[in-house]
Amino acid sequence: MQTFPKQLLDGYRTFRTQRLPTEQSRYRELSERGQSPEVMVIGCCDSRVSPEVIFDAGPGELFVMRNIANLVPTYQPDENAHGVSAALEYAVNVLRVKHIVVLGHAQCGGIRAFVDKIAPLSPGDFIGKWMAMFIKPGEVVEQRDQETMQQFVTRIEKAAVFRSLENLMTFPFVRKAVERGDMQLHGAYFGVAEGSLFVLDKTSKEFESAR
């Protein structure tokens, strides 16, 4: 107990005295009947981008999968372990979620490292291999003429949302649920500094302010 992070213990004690009393019945209900969230959020591990905080969600409301740069791989049923794919399979086939939201964000470290081609992205590490799946074979990602570095990074951060949405449809069980009308896919982008949220308009293919 002495080495356990003090901020976590303090936070838990605050939870016990302030939040838990108001939600105790909710926790008991969830423990008895299990979870049944209607929304899955695929977000980034970045500590500044917590889906539960951004969407003011209570216990049991969101099924959250977080990874570096909020990426979804393509459907690859093989002998390897696939954490994102397993979570996706559970959300769709067991929980029967009605919505999947891919949540990208500004100042994404994974995207910036990918763009700058700097450490910790080396050919043999985990992050480099993970970020490599963002690009299709033969695809080239480069800064455009008249595009500032900030504009370039923001464009790629948003492109990661598009690519994940595209990859989601390579999963047969996702495509089937979407085509049946049982589930919808969504994209969103969070501005860390302003706390702003932008939602992808499926018609215009543009991110529009949630305000």
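Which strands does helix α6 lie across? Before I answer, note that this is a predicted model, in which local features need pLDDT of at least 70 and side-chain atom pairs count only at pLDDT 80 or more, while totals for chains, interfaces and linings use all residues. Residues are numbered from 1 along each chain as its sequence is written, and side-chain values use heavy atoms, with hydrogens and water left out.

Helix α6, residues 149-168, lies across β1, β3 (99-105), β4, β5 and β6, and runs at about 165° to β4. Helices (H or I, at least four residues) and strands (E, at least two) are DSSP runs, numbered from the N terminus. Angles run from 0 to 180 degrees between N-to-C directions, and axes are lines fitted to C-alpha atoms, for helices over the stretch in contact, where contact means heavy atoms within 4.5 Å.

Now to the sheet, which is open and mixed in its pairing, with six strands in the order β2-β1-β3-β4-β5-β6; two strands pair if DSSP finds at least two bridges between them. Because β2 (62-67) and β6 (207-209) stand at the edges with a single partner strand each, one side of each has no neighbour in the sheet. Within the sheet, strands β4 (residues 184-191) and β5 (residues 196-200) run antiparallel and are joined by four bridges, and Phe190 stands opposite Leu197 in β5.

Finally, Cys44 is found in strand β1, residues 39-44. The C-alpha atoms of Cys44 and Cys108 are separated by 8.2 Å, although the two residues are 64 residues apart along the chain.
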